[in-house]
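Visitor: I'd like to learn how to read a model like this one, feature by feature. Could you walk me through it?

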Amino acid sequence: MKKLTLTAIGGLLFTVGSLLAHHSYGADFDLRQTVILKGKVAKVFFKDPHVMLTIETKNSGIWEAEWTQASGLIRRGISEYTIRPGDFMGIEASPARKPNLRVVSALREIRRPADGWRWVSDEDWPGPRVIE
C-alpha cells in the first residue's frame, strides 16, 4: 500500500510539474506586452501540441506564431484548411522575451481581412503594438 501511494504521488507530481513547465509562457514570452504581427502565411503546421504559423512580414522578416492545440481548434470548427499559405493575417500575441527569436505566443486574436474571418482567445489579455 505504501509503495502504491508513493508511486501515485510521484506520478501526480511529475504530471503537474510537466504541465506547469510546458505552460510557463511568462519565462519565454512577455505577457504584459502585446504586438500585432501582420503578414502572409508561409506555412501552417496543424498538429498538437501547438499549431504553428510561419508569417512573412513586409519589413520585419519571417516570424513564427505559436497558436493553441489543434484538437481544441477542431472542437471550435477550425481545421487545417481554415488558414492557408498566402493568406494575409493580423495576429495579436505576446512577443518572445528575446526579440531575435521572432516568435509570438499566447495569441489573443487572429484576423484575415480579406473575408473578415477571425479567431479570438478565451483568455483576457492587454492591448497591442503593431509589427509589419
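Guide: Happy to. Let's begin with strands: two of them count as paired if DSSP finds at least two bridges between them. This is a predicted model, and in the hairpin of β2 and β3 there are 4 residues between the strands, with G61 taking a positive phi near 80°.

Visitor: How many bridges join β2 to β3, and do they run parallel or antiparallel?

Guide: The two strands run antiparallel, joined by 5 bridges. One place to look is M52, whose bridge partner in β3 is E66.

Visitor: What about the other neighbour, β1, and how does β2 pair with that strand?

Guide: That pairing is antiparallel too, over 6 bridges. β1 and β2 make a hairpin with 6 residues between them. M52 turns up here again, as the bridge partner of F45. While you're tracing strands, keep in mind that in a regular strand the side chains alternate between the two faces of the sheet.

Visitor: Now the inside. Which residues touch the most other members of the largest nonpolar core?

Guide: The general idea is that in soluble globular proteins, nonpolar side chains tend to be buried together. Here the largest nonpolar core has 22 residues, and L53, W67, I91 and I110 touch the most other members. Several elements give two or more residues to this core, including β1 (34-45), β2 (52-57), α3 (70-75) and β5 (103-112).

Visitor: What does I110 touch?

Guide: Leaving out residues up to four places away in sequence, I110 touches L53, W67, I83, M89, G90, I91, W117, R118 and W119.

Visitor: Where should I look for aromatic pairs, and how many are there?

Guide: Searching the whole structure turns up 1 aromatic pair. W67 and W119 are the partners, 5.4 Å centre to centre with 85° between the planes, which makes the pair edge-to-face. W67 sits in the loop between β3 and α3 and W119 in strand β6, so the pair ties together parts 52 residues apart in sequence.

Visitor: Are those two tryptophans buried or exposed?

Guide: The cut-off for buried is under 20% relative accessible area. W67 has 5%, so W67 is buried, and W119, at 6%, counts as buried as well.

Visitor: Last one: which element has the lowest mean pLDDT, and which the highest?

Guide: Helix α1 (residues 2-22) has the lowest, at 40, while β2 has the highest, at 98. Over residues 4-22 the pLDDT is below 50, and beyond near neighbours in sequence that stretch has 2 contacts in the model. For the protein chain, the mean pLDDT is 82, with 73% of residues reaching 70 or more.

Terms used. Residues are numbered from 1 along each chain as its sequence is written. Side-chain values use heavy atoms; hydrogens and water are left out. A nonpolar core is a set of buried Ala, Val, Leu, Ile, Met, Phe, Trp, Tyr and Cys residues joined through side-chain atoms within 4.5 Å. Buried means under 20% relative accessible area, exposed over 50%, partly exposed in between (1.4 Å probe, protein chains only). Contact means heavy atoms within 4.5 Å. pLDDT is the predictor's confidence in each residue, from 0 to 100. Rings of Phe, Tyr and Trp (its six-membered ring) pair if their centres lie within 6.5 Å; planes under 30 degrees apart count as stacked, over 60 as edge-to-face and the rest as tilted.
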